[in-house]
Amino acid sequence: MTFSICVRERYTDGDGGDQVRFGVAVTTRLPGVGTLCPFASSDGAVATQSLVNVELGRKGIEYLDDGLAVDDALRALLNADEGSAERQLHGVDADGTFAFSGDECNDWYGHREGQNYTVAGNLLTGEEVIEDVAAAYESDAHGDAPLAERLIDALAAGHAAGGDKREDLDVQSAALLVRNTEEEADDPYYNDLRVDASETPVADLRETYETAKRGYEAILAKYAEEADDEVSADDEVSADDGAE
């Protein structure tokens, strides 16, 4: 059905505090993947796919938020799922990774666990899809670009390697979601994006990201300019009062 990547990155915030960001990105040759597969919070990221059970994603994140380790949380959900043989489920939390592909998923299917990420896919043209997704992420892990942008790069690499093999299905979709542990972090508009129905979902997701990022930067500049104008006006008033 799809291929996806879940990521954990540690970083230092503006005050020198240790933080973690989590991201998940996914694409498929069906519409509306963003409503079904990617889940993230300040405690982790999860992707549920193949014969999708949305509750595995929803409850998986709830369990992580409650303090369960990702391995324990997702394994417990699969153990209770009668359809687990047809599922793919993978994710990351602050300390670990987990990836599962049921024996009855459709070829080609498989997954990969890296030090700070997981990748999985099914109904793919071959193993090179997830290998290229992983390699693209690893090549710029913790890079200067926002994680959302680098997740799109990873999806693009998988798409270029062949992606979903069902070429007779034209309506496709893609989505990304990024969260972090900063309590009062300014959440950019480009950290939660979806392309629900398109023939070029990864390219459209990138265009949506670039437009959203430009809009986010524009509003920050506007607010900064207005704040400067207010300071200048206050300074003028103070100068006039002093002159009197």
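Biologist: Does Asn122 count as buried or exposed?
Modeller: This is a predicted model, in which local features need pLDDT of at least 70 and side-chain atom pairs count only at pLDDT 80 or more, while totals for chains, interfaces and linings use all residues. Residues are numbered from 1 along each chain as its sequence is written, and side-chain values use heavy atoms, with hydrogens and water left out. Asn122 lies in the loop between S8 and H3, where helices (H or I, at least four residues) and strands (E, at least two) are DSSP runs numbered from the N terminus. Since buried means under 20% relative accessible area, exposed over 50% and partly exposed in between (1.4 Å probe, protein chains only), Asn122, at 1% relative accessibility, counts as buried.

Biologist: Which side chain does that of Asn122 join in a polar contact of 2.9 Å?
Modeller: A polar contact is a pair of N or O atoms within 3.5 Å; within protein, one must be able to donate a hydrogen and the other to accept it, and residues adjacent in sequence count only if both atoms are side-chain atoms. At 2.9 Å, the side chain of Asn122 has such a contact with that of Gln88.

Biologist: Why is strand S5 largely enclosed by the rest of the structure?
Modeller: On one side of S5 stand Arg87, Leu89, Gly91 and Asp93, on the other Gln88, His90 and Val92, and both faces are covered. Strand S5 (residues 87-93) is largely enclosed because, of its seven residues, the number buried is seven.

Biologist: At about what angle to S8 does helix H3 run?
Modeller: S8 belongs to an open, antiparallel sheet of six strands, ordered S7-S8-S1-S2-S9-S10, and five bridges join strand S8 (residues 117-121) to strand S1 (residues 2-12). Helix H3 (residues 128-139) lies across S1, S7 and S8, where contact means heavy atoms within 4.5 Å. Axes are lines fitted to C-alpha atoms, for helices over the stretch in contact, with angles from 0 to 180 degrees between N-to-C directions. On that basis, H3 runs to S8 at about 155 degrees.

Definitions and conventions
Pairing = 2+ DSSP bridges.
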